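Please walk me through this chain.

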Amino acid sequence: MNKTIRHASVFALVLVLALLVRATWVQFHDSKALADDKKNRRNAISQYANPLGDIIVGGEAITGSERTKGGDLAYKRTYKDGDLYSPVTGYSSQVYGATQLEGIYKDLLDGTDNRLKNPLDVLTNKRAAPGDVITTIDPAVQKAGYKALGDTKGAAVAVDPKTGKILGMVSTPSYDPSKISSSTDSKAWKELTTDKDKPMVNRAMRQPLPPGSTFKLVVAAAALEDGLYDSVDARTSSPNPYTLPGTRTVLKNENQSAPCENADIRTALQYSCNNVFAKMAVDLGQDKVKAMADKMGFNTDKLDVPVRAAKSVYPSDMDKAQTALSGIGQFDVTATPLQMSMVSAAIANGGLLAKPHMVSQISDSGGDVLEKYDDAEAQRVMDESTAEGLQSAMQTVVEKGTGTNAQISGATVGGKTGTAQHGENNSKTPYAWFTSYAKGSDGKEVAVAVMIESSSAARDEVSGNGLAAPIAKAMMSAALKS
């Protein structure tokens, strides 16, 4: 064999070996990635070859599957009361994928979760009958919140303080996931994704905004825990008017005639005295306020219910003037309605914060439980005496303060209103907030937070009591009756 032929043979052998190595790599290393690729049509064909499992609310399925006409995708997802429950379910689209519970439990709902398979199914890789997702949502609470929000742009969350079960999660304006579930819904998809009101955004847990005066509860808790004041009825050191430290800016109170000078915490919450909580935040220092906020759930990017919530933020590295503004829920403080419901829930539950969750269990097609989620242990975030004091002060807010629209006959109700500035120099319509709890005579409890991003109300009519408190009342009343 001459030298040229020998070199050509060696080169050909190297090419063959390279092809074998690459083929082996693709078959054993890249196969899963290729199989899971969203562009792999076979995945969609397989996923929608059979009816999907269901998401359950109040013992009834709020999802379904419908046989398609023609094409290679045999079934498409359907929704019962889609606009009502979309903040819970998310969507499952043949083209655009799946979100929220539909996305998190995709394998369970399409039958590919290994927990659904028997040993023979695992060996043969046979698709099992799909499972179901059983939620904690109370349909009466959900419907009450959705109806009360109506045409406003906002959100509301209701939580059981003792267990952390999310009883209601509403976001408006909403959308019907059925309109984007098939492979021919590009027009509907474009309309939804370009809508300036962003109906596909779950405002209840994915859009943090300044919480305004509802954040004063966190500052009050920090002051009582620190010992800055020994009770909600101890007089504070709070000049009125209060000038922000290092500036000439005078912080005003909404009610100029309110008894806010050196007011105790109860009175300051009752009248929502800005001077008291701005000064309190400065006296405590941002680190102590942040420590309490963190205990309540702020500044974590891993709040999963099981859908991941957006981070609620209490900032760091502020000067004293900024710290003062943070004490009234302004500057760079942001929160979701879910977060503010957690604040009220912890206070209502004697200082114990139960992790919020909206799935109680998942089951196989026969109803056997695969996993249960109700056993999370509550964490103590404040002393019981602190919580009891704040409960009492919040009750004063509802009985004779800024939150009277939340009163419920026969129930004990506590709350805190908030009106947060929006836009440069407060040029845009403020956000209206209300966070609260209610306890019935039979032991039932619920905590609710409501945020109104915008409404048809005139600017001077925007208030937590006027817009948000009635919605909270509707949801709390429904929860106590369930």
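Does Ser272 count as buried or exposed? At 12% relative accessibility, Ser272 counts as buried. Buried means under 20% relative accessible area, exposed over 50%, and partly exposed in between, with a 1.4 Å probe and protein chains only.

The model is predicted: local features need pLDDT of at least 70, side-chain atom pairs count only at pLDDT 80 or more, and totals for chains, interfaces and linings use all residues. Residues are numbered from 1 along each chain as its sequence is written, and side-chain values use heavy atoms, with hydrogens and water left out.

Ser272 sits in the loop between H11 and H12. Its phi is positive, about 55°, although Ser272 is not a glycine. Most residues other than glycine have a negative phi, and most peptide bonds are trans. Asp317 is another non-glycine residue with a positive phi, near 55°. Asp317 lies in the loop between H13 and H14. At 75% relative accessibility, Asp317 counts as exposed.

The loop between H13 and H14 also holds Pro306. The peptide bond from Val305 to Pro306 is cis, with omega near 5°. A cis bond also links Thr172 to Pro173, with omega near -5°. Pro173 belongs to the loop between strand S9 (166-172) and helix H8 (186-194).

Now the whole chain. It has 17 helices and 18 strands. Helices (H or I, at least four residues) and strands (E, at least two) are DSSP runs, numbered from the N terminus. Of the 482 residues, 51% count as buried. Contact means heavy atoms within 4.5 Å. Of the contacts with a separation of 6 or more, 68% come from residues 24 or more positions apart. The accessible surface is about 22100 Å², and 50% of that belongs to carbon and sulfur atoms. Areas come from the Shrake-Rupley method with a 1.4 Å probe; for residues, only the protein chains shown count as cover.

Next, helix H12 (residues 274-284). Of its 11 residues, 10 are buried, so H12 is largely enclosed by the rest of the structure. Among them are Phe277, Lys279 and Met280. The partners of these buried residues include helix H10 (216-226), helix H11 (265-271) and helix H13 (286-296). Strands S10 (242-243) and S11 (250-251) also pack against them. After H12 comes Gly285, with a positive phi near 90°.

How do H10 and H12 pack? Their angle is about 50°, and their axes are 10 Å apart. Axes are lines fitted to C-alpha atoms, for helices over the stretch in contact, and angles run from 0 to 180 degrees between N-to-C directions. H10 is therefore oblique to H12. Angles under 35 degrees count as roughly parallel, over 145 as roughly antiparallel, 65 to 115 as roughly perpendicular and the rest as oblique. The crossing is left-handed. That term applies if the near helix is turned anticlockwise from the far one by less than a right angle; clockwise gives right-handed. On the H10 side, the contact includes Lys216, Val219 and Asp226, which meet H12 residues including Asn274 and Phe277. By class, the contact has eight nonpolar, one polar and two charged residues. Ala, Val, Leu, Ile, Met, Phe, Trp, Tyr, Cys and Pro count as nonpolar, Asp, Glu, Lys and Arg as charged, and the others, Gly among them, as polar.

Finally, H7 (residues 139-149) and H17 (residues 464-481) pack at about 160°, with axes 8 Å apart. H7 is therefore roughly antiparallel to H17. Their crossing is right-handed.
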